[in-house]
Structures are given as C-alpha cells and as structure tokens.
Amino acid sequence: MRRRFSRVTLAITAAAIVAIAGGVTYAVADIGGGGVINGCYKSQNGQLRLIDPATDSCNPSEKAISWNRTGPTGSKGATGATGPTGAKGATGPRGPSDAFEAFRFATTVNVTNVSTEITKIPALPAGSYVITGKVNVDNVSGGSGDVNCQIVAGGFFDLGEANIGTAGGQITRTTIASTFGTTIAGATNVTMTCQRTSGTGSIRASLAEILATHVETLTQFAG
C-alpha cells in the first residue's frame, strides 16, 4: 500500500532538516578544539552525530570518527621561471676618499752621497692614488752639490733635484716638491729618499711630507 504524505508532514520534515542542519552548523562552530571535529558513526544505518570528547563518548554500536576543518596542504608545485632583470637603479653618491700621510717636521736628516730615507708611509693599501710630496733642503750643514730627492711608490718615483751650495749658480735653500699619480697592486711602502749626487759634505733635509689620496679611478696619459 502506497503511503501518501500530506503537505503538513512534508513541512514538518523540511523544518526538522533545517533545524538539524542548523544544529550541526552550531556544533561544528562549538565542538572541535584545535580544528578537530569528533563524531560517532553508526554503520548499521549511516547515522552520524557530533560529540564533545570531553563530555561524551560513542555507544558500543557506533564507531568513533574525527576530521579536521582544514584539509591537508597540497604538495609544492615546481619552481617557476626566473623573471626578467629589473631596471638599473640610480647611481648612489660618491663615497669619501681615504688619505694617508707621513711627515718629518721636528727633526732634520743629513743627506750625503748615500741614498737616505727622509720619511715613509708604511704598507699603503692597493689602489689608485694621487701622491703629493715636498722636502726642504739647505746648506746649513756645510755641504754642497746636486741633491736628488725621490718618492718611490710601487715602482713609480718622482720628486725633483736642486743644486745646493754657495758657489755660482747654486742656492742655499729650496723646496723640492711634486705631485703624481700611481696605481699600487698590493700593500706597498711609499718612501721619500734624498741623495747628494755631486759635490761634497752633508746637505740638510727638513720639513718633509708625503700625502697619498686614494681615488676611485686614475687615468694617465703619456706625453
């Protein structure tokens, strides 16, 4: 015999489904600390109910079941191709230069026919430099003749010479000075020396100075 449902019965059933759905939604929001939802499943008729493990447990005819609100994270995909190189940024401001100085101001050196060190910058770091040097020479010690003074920096040397004395064409005092550029491959001593290349006796050297200024680039032209 076919059973017929009235409109009232159907309405009640629909309302019950909505109520159950609403209850499940509330239970899901209320039960399952840490994202885990617990329930009891009856395999005999497929009935499932939610429980709070802290206050409830499954019946002997039910099987405990649980699931997480958030599914497992998928495996990482392959790394994508490298994107194009971005545009070159603006050139930053130029940094400060480094300067190194050696001097002999308080004492004097007697210069003879043997090369004599006047002052020195020890172990100047590798790089390009503009080097300035100067030294005063005179005949206070009684010597006379041509005096040659040099600054040696990584195989490059320069300074100048003067003819010191009281004879004709000679001068009693002068300053020998020069400026030059050089590039040093590794830590190198920059040394000022003087030597009398003619004449006799000792010539005095004083107030000597070497100043090496590190520059970013050095362009040199042969004359």
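Let's start with an open sheet of 4 strands, which line up as β6-β11-β8-β9 with antiparallel pairing. Keep in mind that you're looking at a predicted model. At the edges of this sheet stand β6 (116–124) and β9 (156–164); each has a single partner strand, so one side of each is left without a neighbour in the sheet. On average, neighbouring strands here are turned by 10 degrees against each other, ignoring direction.

Now zoom in on β6. It's joined to strand β11 (residues 188–196) by 6 bridges, and the two run antiparallel. If you want a spot to look for, find Glu-117, which stands opposite Thr-193 in β11.

There's also an open sheet of 3 strands, in the order β2-β1-β3, again with antiparallel pairing. Its edges are β2 (47–51) and β3, each with a single partner strand, so one side of each has no neighbour in the sheet. Neighbouring strands of this sheet are turned by 35 degrees against each other on average, direction ignored.

| Strand pair | Sense | Bridges |
|---|---|---|
| β1 and β2 | antiparallel | 5 bridges |
| β6 and β11 | antiparallel | 6 bridges |

Strand β1 covers residues 36–42. Which residue in β2 is the bridge partner of Tyr-41? That's Leu-48.

Ile-65 sits in strand β3 (residues 63–68). Is Ile-65 buried or partly exposed? Its relative accessibility is 38%, so it counts as partly exposed.

Terms used: Residues are numbered from 1 along each chain as its sequence is written. This is a predicted model: local features need pLDDT of at least 70, side-chain atom pairs count only at pLDDT 80 or more; totals for chains, interfaces and linings use all residues. Side-chain values use heavy atoms; hydrogens and water are left out. Buried means under 20% relative accessible area, exposed over 50%, partly exposed in between (1.4 Å probe, protein chains only). Two strands pair if DSSP finds at least two bridges between them. Axes are lines fitted to C-alpha atoms, for helices over the stretch in contact, and angles run from 0 to 180 degrees between N-to-C directions.
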